[in-house]
Amino acid sequence: VLQNNDFLRNTVHRHEPPVTAQPIQILAEDDEVVVVDKPSSLPVHPCGRVRHNTVIFILGKEHDLKELHTIHRLDRMTSGVLMFAKTAEVSKRIDEQVRERQLEKEYVCRVVGEFPEHEVVCEEPILVVSYKVGVCRVDPKGKFCKTIFQRLSYNGKTSVVKCLPRTGRTHQIRVHLQFLGHPIVNDPIYNMEAWGPDRGKGGKIDKTDEELLKALVEEHRSKQSLDILGISEEDLNSDAENKVCGDSSDCPKSTQADPINENSCPAKDTKDPQRNDVAACPPSSDSSLETLGKTTELGSCEKQEGQTEQKSSEEKDPLCVECKITRRDPSPRELVMYLHALRYKGAEFEYCSKMPEWAMEDWEE
C-alpha cells in the first residue's frame with residue numbers, strides 16, 4: 001500500500017533499432033510551419049520500439065523546435081519533404097486541404113525492371129493485412145486508391161519513376177508498384193521472396209494473410225533485419241506464449257488473428273484523411289511488473305556488493321531477450337529505401353527537396 005512520501009520508480013529497458021546518421025535538413029521555417037528533408041530509416045514520431053531516434057525528438061533536441069503538430073506522415077523508410085505546423089490553427093487549416101484533396105504530392109522512386117514509357121494509372125483497392133507490422137495488399141474488399149506513374153529514366157536494369165498519389169492510403173505507392181510488377185528495388189516488405197515467385201505481381205499471392213506475415217517475419221529473421229519490421233525477438237517470443245491459450249475467450253482476438261505482437265505502429269507513405277483512429281500509436285510496454293520487480297532486486301544486490309550505480313554501455317540485462325542477441329551493424333545502404341517525397345504543394349505553399357542521388361539518370365548500384 002502506497003503511503004505519503006513513498007517514491008515509486010518504473011525503469012524500462014529498451015533497445016532502439018539502428019538508424020542512419022544522415023542529418024535532418026531544414027528546407028523552410030517561418031512562424032507557421034517547419035519543413036524538413038527527412039532521411040530514410042527515421043520514424044516521424046515515437047512509435048513501437050523507437051523513442052529518441054525520431055524526427056520529432058531530434059528536431060526538439062538539436063534545433064529546439066518543440067510542440068510541433070504533425071500535418072502528414074512519411075513511412076519510416078521513406079525520405080523527403082515532411083511538414084510540421086507550429087500551431088494547432090495552422091495544422092487544422094492544412095489538414096482541411098488534405099481532406100479536400102487540395103494537397104498535391106509528388107514522389108520519386110527507383111523500381112525493378114523497365115517501367116512502361118507511357119503514363120500508367122493504377123486504381124486497385126488496397127486492404128491492410130496487419131496494422132501491427134504495416135503490411136497491405138491489393139484486394140477487392142480494400143479501399144479505393146489511385147496513383148499516377150510516369151517513367152523518368154531507365155538504366156538497363158532499373159527505372160526511376162515519378163509517382164502522383166491521388167489518395168492517401170497506407171503504403172499506396174509501394175503496393176501499386178508491386179501489383180504492376182515493378183516493386184521498389186530495395187523495398188524491405190513488398191520486394192521479398194515471401195510473396196512468392198512473382199513477388200505479388202498482379203495481386204497473385206498463394207498464401208493466407210497469416211502465412212504471408214509469418215513468411216515475411218522468417219525472411220527478415222534469417223537476415224537479422226527484424227528491426228525493419230519494427231519488431232524484436234522478444235515480441236515474437238511473447239507472442240508464442242500468448243498462443244498457448246489457443247481459442248480461450250481470455251485471449252485477445254488480435255493475438256489469434258495476427259502472428260505479430262502489438263508492438264509496432266503502422267508505417268505510412270502518407271496520412272490517410274479517413275483514418276484518424278490509427279494516427280497515434282500507443283507506447284509499448286517492454287516489461288511486466290514481475291520482470292521489473294526482479295530487475296529492481298538485481299540492482300539492489302549489485303549496489304550491496306559495492307558496484308557503482310553508473311551503467312556502462314555494455315551492461316546487459318539477464319532478463320532481456322534482445323541483450324542475448326549479437327547483431328551486426330547494418331550498412332547505410334540497408335537503412336535506405338529508394339522512395340522519396342519530392343514535392344508538396346497546397347493552396348498557399350509549395351515545398352521541394354533536391355533529387356536524391358539514387359534517382360539520377362546516370363546512377364548505378
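**Labels and their cut-offs**

Modeller: The protein chain has seven helices and twelve strands. Both are DSSP runs, numbered from the N terminus: helices are H or I with at least four residues, strands are E with at least two. This is a predicted model, where local features need pLDDT of at least 70, side-chain atom pairs count only at pLDDT 80 or more, and totals for chains, interfaces and linings use all residues. Residues are numbered from 1 along each chain as its sequence is written, and side-chain values use heavy atoms, with hydrogens and water left out.

Biologist: How much of the protein chain counts as buried?

Modeller: Of its 365 residues, 48% do. Buried means under 20% relative accessible area, exposed means over 50%, and partly exposed lies in between, with a 1.4 Å probe and protein chains only. The protein chain exposes about 19,600 Å². Carbon and sulfur atoms supply 48% of that area. Accessible areas come from the Shrake-Rupley method with a 1.4 Å probe; for residues, only the protein chains shown count as cover.

Biologist: What share of the contacts joins residues 24 or more positions apart?

Modeller: Among contacts with a separation of 6 or more, the share is 66%. A contact means heavy atoms within 4.5 Å.

Biologist: Now salt bridges. What makes Glu-117 and Arg-151 a salt bridge?

Modeller: Their closest N and O atoms are 3.6 Å apart. The rule asks for a side-chain nitrogen of Lys or Arg within 4 Å of a carboxyl oxygen of Asp or Glu, so the pair qualifies. The pair links distant parts of the chain, 34 residues apart. Glu-117 is in the loop between strand 5 (104-112) and strand 6 (120-122), and Arg-151 is in strand 9.

Biologist: Why is Glu-117 called exposed? And why is Arg-151 called buried?

Modeller: Glu-117 has a relative accessible area of 62%, so it is exposed. Arg-151 has 17%, so it is buried.

Biologist: What makes Asp-187 and Arg-174 a salt bridge?

Modeller: Their closest N and O atoms are 2.8 Å apart. Asp-187 is buried, and so is Arg-174.

Biologist: How do you know that Arg-343 and Glu-350 meet in a salt bridge?

Modeller: The N to O distance is 3.3 Å. Arg-343 has a relative accessible area of 16%, so it is buried. Glu-350 is at 43%, so it counts as partly exposed. Salt bridges that share partners join Glu-104, Glu-106, Arg-343 and Glu-350 into one network. The structure holds 17 salt bridges.

Biologist: On to the rings. How many aromatic pairs are there?

Modeller: The structure holds six aromatic pairs. One of them is Tyr-107 with Tyr-344, 6.3 Å centre to centre and with 65° between the planes.

Biologist: Why is the pair of Tyr-107 and Tyr-344 called edge-to-face?

Modeller: Rings of Phe, Tyr and Trp (its six-membered ring) pair if their centres lie within 6.5 Å; planes under 30 degrees apart count as stacked, over 60 as edge-to-face and the rest as tilted. At 6.3 Å and 65°, the pair is therefore edge-to-face. Tyr-107 lies in strand 5 and Tyr-344 in strand 11 (residues 339-345), so the pair ties together parts 237 residues apart in sequence. Tyr-107 is buried, and so is Tyr-344.

Biologist: What makes the pair of Tyr-338 and Trp-363 edge-to-face?

Modeller: Their ring centres are 5.4 Å apart and their planes are at 80°, so the label holds. Tyr-338 is at 6% relative accessibility, so it counts as buried. Trp-363 is at 18%, so it counts as buried. Tyr-338, Trp-358 and Trp-363 form one aromatic cluster.

Biologist: Why is Cys-163 too far from Cys-109 for a bond?

Modeller: A disulfide is a covalent bond between the sulfur atoms of two cysteines. The rule wants the two sulfur atoms within 2.5 Å. The sulfur of Cys-163 is 3.5 Å from the closest cysteine sulfur, in Cys-109, so the distance is too far. By this rule the count comes to zero disulfides. Cys-109 is buried, with a relative accessible area of 0%. Cys-163 is buried, with a relative accessible area of 0%.

Biologist: Last one. Which residues form a nonpolar patch on the surface?

Modeller: Leu-152, Met-355 and Met-360 do, with about 240 Å² of accessible area together. Patches are made of residues with over 30% relative accessible area and no salt bridge: like charges are joined within 9 Å, nonpolar side chains (Val, Leu, Ile, Met, Phe, Trp, Tyr) within 5 Å. Leu-152 has a relative accessible area of 44%, so it is partly exposed. Leu-152 lies in strand 9 (residues 147-154).
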